[in-house]
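This report describes selected features of one protein structure. Please consult the sequence and the model while reading.

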Amino acid sequence: MDLFEYQGKQYFARYGIAVSPGDVADTVDEAVAVAERVGYPVVVKAQVKVGGRGKAGGVKLANNVDEVREHAGNILGLDIKGHVVRRLWVERSSDIEKEYYASFTLDRPNKTHLGMLSAQGGVEIEVVAEENPDAIAMISIDPVRGLDIETARRWVAEANLDEPAREQTAELLVKLYDCYTRGDCDLAEINPLILTPDHKVHALDAKVTLDENASYRHPEWEEFRADEFEDPREKMAKERGLNYIGLDGTVGIIANGAGLAMSTLDVVNQVGGAAANFLDIGGGANADVMAAALEVINADPKVRSIFVNIFGGITRVDEVANGVLEALKRVTITSPIVLRLDGTNAVEGRAILAPHLNDHLITEPTMIDAARRAVALAK
Ligand code: GDP
Ligand code: MN
């Protein structure tokens with residue numbers, strides 16, 4: 001789960017990382033109330049789960065109540081890379097002497113954690129990596145040993161941070177690593193991490209991704225989840241216990257197994273179409289699951305055709321065929337359905353469907369044929 005900046009800052013604060021005083025606001029009046037409370041000047045910041053908000057006009061400095069009104073009004077409702085701003089974070093503005101970059105993430109091939117630190121923060125780290133890779137000091141951290149303060153001090157020196165920032169940054173990095181590991185993050189990034197003219201180091205931005213596999217030991221994450229503005233299709237799928245991810249195309253996808261579902265997206269793409277979703281119904285292709293899957297896909301207004309791609313293994317294709325017929329009795333589906341049924345009991349499965357086939361329920365012998373048919377129907 002990705003966190004909003006304000007949630008990331010709340011998370012950082014729990015681990016003793018310095019952030020600016022501030023609060024969330026969902027309306028212009030609330031933004032004014034927060035600004036009056038924290039004191040001017042303030043920064044009004046769009047809360048969307050996408051980077052580059054500053055460049056898109058989503059981060060503005062306000063010196064008085066009129067400017068807060070103006071900026072809050074402009075930023076609420078703003079579309080930043082397809083994310084509409086529904087919430088603001090208003091915090092006391094900081095004076096900036098230097099902008100740095102710091103992050104921890106997983107280095108999967110190395111089976112370690114990766115720390116990145118740069119004296120050139122404030123811009124996208126991808127740009128620094130491209131144009132000036134030497135400006136990023138990277139360290140591998142053995143997850144068993146962790147990060148001690150001595151190592152952090154050497155790292156800060158290697159990254160050439162300004163002298164007055166070094167000790168505070170080393171201490172902050174140890175805390176950030178603690179947040180990243182004990183807090184079960186996949187990513188904890190601060191960009192910019194700033195040095196103020198009076199030589200204080202603190203986090204001006206927060207990008208945090210939580211590792212959902214660890215959610216069982218973090219009941220406090222519920223509060224983050226409650227604030228999520230979910231894709232309504234994903235919400236509907238979650239309520240039905242389906243493994244679904246919404247995409248932008250017009251071909252609805254149902255497949256059994258995550259690997260087959262991903263291949264199905266590729267094949268649809270290969271023949272010139274675009275998938276409306278990823279949906280893995282796993283082994284449970286019975287009528288209940290199939291009806292739920294069809295319901296969720298049917299509710300997506302962009303969908304023009306549905307491609308059901310089943311390879312029977314433990315799941316038997318005759319059961320799937322019965323599941324599809326039963327599901328169609330329960331839900332009325334607007335788009336034509338193209339089925340590719342193969343594997344265990346495929347012959348029996350196709351025979352079950354045969355009397356019911358029409359121009360809204362079609363079978364194709366292979367995955368590629370079915371993809372072509374579904375894509376043609378979606379045009
Ligand atoms: P992003 O563009 O989505 O990464 O949003 P950030 O929170 O990183 O803000 C973008 C930029 O706005 C930062 O790199 C800073 O240069 C600037 N900025 C953010 N907060 C402040 C602040 O309190 N004071 C000043 N002077 N600039 C700020
Ligand atoms: Mn940033």
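N191 is buried, its relative accessible area being 14%; buried means under 20% relative accessible area, exposed over 50% and partly exposed in between, with a 1.4 Å probe and protein chains only. D205 is likewise buried, at 19%. The model is predicted: local features need pLDDT of at least 70, side-chain atom pairs count only at pLDDT 80 or more, and totals for chains, interfaces and linings use all residues. Residues are numbered from 1 along each chain as its sequence is written, chains are lettered from A and ligands numbered from 1 in the order in which they are written, and side-chain values use heavy atoms, with hydrogens and water left out.

**Two packed helices**

Helix α5 (residues 149-158) packs against helix α6 (residues 163-182) at an angle of about 125 degrees, with the axes 8 Å apart. Helices (H or I, at least four residues) and strands (E, at least two) are DSSP runs, numbered from the N terminus. Axes are lines fitted to C-alpha atoms, for helices over the stretch in contact, and angles run from 0 to 180 degrees between N-to-C directions.

**A glycine in a loop**

G52 is located in the loop between β2 (42-46) and β3 (59-62). With 31% relative accessibility, G52 counts as partly exposed. The C-alpha atoms of G52 and A25 are separated by 20 Å, and the two residues are 27 residues apart along the chain.
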